[in-house]
Amino acid sequence: MKRAKIILMRHGECEGGGIFRGRTDVKLTDIGMTQMQQAFIEQQYPISHVFSSPLLRCQLFSQALSQQLSLPLTTLSSLQEIDFGVWDGQSFDAIYQQNPQQFDAYWDNPWLAQNTPDKAESVTDFAARVEAGLMTVVDALWSSFTQTDSAQQKPNGDDCPHALVVTHGGVMRCLVGYVLNTGQCSGLFANLAIPYAAIMVLDVYWPDDVDNIDRFQPPIKDTKTAKVSFTLHWPKT
């Protein structure tokens, strides 16, 4: 079985305070950059790939790290935060004062289309693009294998490829739901706290006897087709 790791990191504290910080492009504070630097140092993973959301609160750290590690940086728009539409960039308090019923309805069940803010991205569409972004990372890790490397890979996976993905809290919540197969669980958004610079790790597995990996279809009898599989570690184990 081939194995890789994806290290997901949320950005640190950033400018703007308590706002709907979706597509709104704000910089990290000095504290936020320090949070990310310390979190990365504590993990001590041998990073082989660096991916990032295009938004500044992720890019500022990712660009500096990729230069430090002499690794290329791959920017994925599919892993940027959800677009809150007309709410984006506005404070939570202001939106609540304007329309407390819709504010409460959105957090109670953001999956319902009728609860989505005007001109906003639906959570269903958001989750679909985030899952596609994850598979882009998976494909890059799969491509990094060679027959020689995979044959020599240690059972504990310490020498497997490691991808760092610098992204957002909403993206990480979607990926938790995807890996754990929770379905349209509103609690992922209302009740799951993901602090600034939080890190979670996904182990990625491919069967050895699979030539063609089709992640979107179940295995078909008598064909070499199978899903890639994941194990979630939260926090670091």
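At what angle do α5 and helix α7 pack, and how many Å apart are their axes? In this predicted model, α5 and α7 (residues 169-180) meet at an angle of about 80 degrees, and 9 Å separates their axes. An angle from 65 to 115 degrees counts as roughly perpendicular, and α5 and α7 are therefore described as roughly perpendicular to each other. On the α5 side the contact is made by Phe-126, Ala-127, Val-130, Glu-131, Leu-134 and Met-135. On the α7 side it involves Gly-170, Val-171, Cys-174, Leu-175 and Tyr-178.

The sheet comes next. Six strands make up an open sheet with mixed pairing, and their order is β3-β2-β4-β1-β5-β8. Its edges are β3 (73-75) and β8 (229-233), each of which pairs on one side only. On average, neighbouring strands of this sheet are turned by 25 degrees against each other, direction ignored.

Within the sheet, β1 (residues 2-10) can be followed to both of its neighbours. With β4 (residues 162-167), β1 pairs in the parallel sense over six bridges. Ile-7 has Leu-164 of β4 as its bridge partner. With β5, β1 pairs in the antiparallel sense, over eight bridges, and here Lys-2 stands opposite Trp-206 of β5. The step from β5 to β8 is also a pairing in the antiparallel sense, over five bridges. In that pairing, Tyr-205 is found opposite Ser-229 of β8.

How far is β5 enclosed by the rest of the structure? Eight of the eight residues of β5 are buried, so the strand is largely enclosed. Ile-199, Val-201, Asp-203 and Tyr-205 point one way from β5, while Met-200, Leu-202, Val-204 and Trp-206 point the other way, and all of them are buried.

Helix α1 (residues 30-43) lies across β1, β4 and β5 (199-206), and runs at about 155 degrees to β1. Helix α5 (residues 123-143) lies across β1, β2 (49-52), β4, β5 and β8, and its direction is at about 140 degrees to β1.

Helix α1 also packs against another helix. Its partner is α2 (residues 56-69); the angle between α1 and α2 is about 45 degrees, and their axes are 10 Å apart. The crossing of α1 past α2 is right-handed. From α1, the residues that make the contact are Met-33, Met-36, Gln-37 and Phe-40. From α2, they are Arg-57, Leu-60, Phe-61, Leu-65 and Leu-69.

The loop between α4 (100-108) and α5 holds Glu-121. This residue has a relative accessibility of 18%, so it counts as buried. Its side chain makes a polar contact, at 2.7 Å, with the side chain of Arg-129. Apart from residues up to four places away in sequence, Glu-121 touches Glu-81, Ile-82, Asp-83, Thr-116, Phe-126 and Arg-129. Phe-126 of this group also belongs to the α5 side of the contact with α7.

Lys-119 is found in the loop between α4 and α5 as well. With a relative accessibility of 75%, Lys-119 counts as exposed. Most residues other than glycine have a negative phi. The phi of Lys-119, however, is positive, near 65 degrees. A positive phi near 65 degrees is also found at Ala-197, which lies in the loop between α8 (187-190) and β5. Which is Ala-197, buried or exposed? At 8% relative accessibility, Ala-197 counts as buried.

Helix α8 itself includes Leu-188. Leu-188 counts as buried because its relative accessibility is 8%. Leaving aside neighbours within four places in sequence, Leu-188 is in contact with Arg-173, Val-176, Gly-177 and Thr-182. Between Leu-188 and Leu-175 the separation is 13 residues in sequence and 9.9 Å in space, taken from C-alpha to C-alpha.

Conventions: Residues numbered from 1 in each chain as written. Predicted model: local features only at pLDDT ≥ 70, side-chain atom pairs only at ≥ 80, totals over all residues. Heavy atoms only, no water. Pairing = 2+ DSSP bridges. Helix = DSSP H or I, 4+ residues; strand = E, 2+ residues; numbered from the N terminus. Axes fitted to C-alpha atoms, helices over the stretch in contact; angles between N-to-C directions. Contact = heavy atoms within 4.5 Å. Buried < 20%, exposed > 50% of the residue type's maximum accessible area, 1.4 Å probe, protein only. Polar contact = N/O pair within 3.5 Å; in protein donor to acceptor, adjacent residues only side chain to side chain. Left-handed = near helix turned anticlockwise from the far one by under 90°. Parallel < 35°, antiparallel > 145°, perpendicular 65-115°, else oblique.
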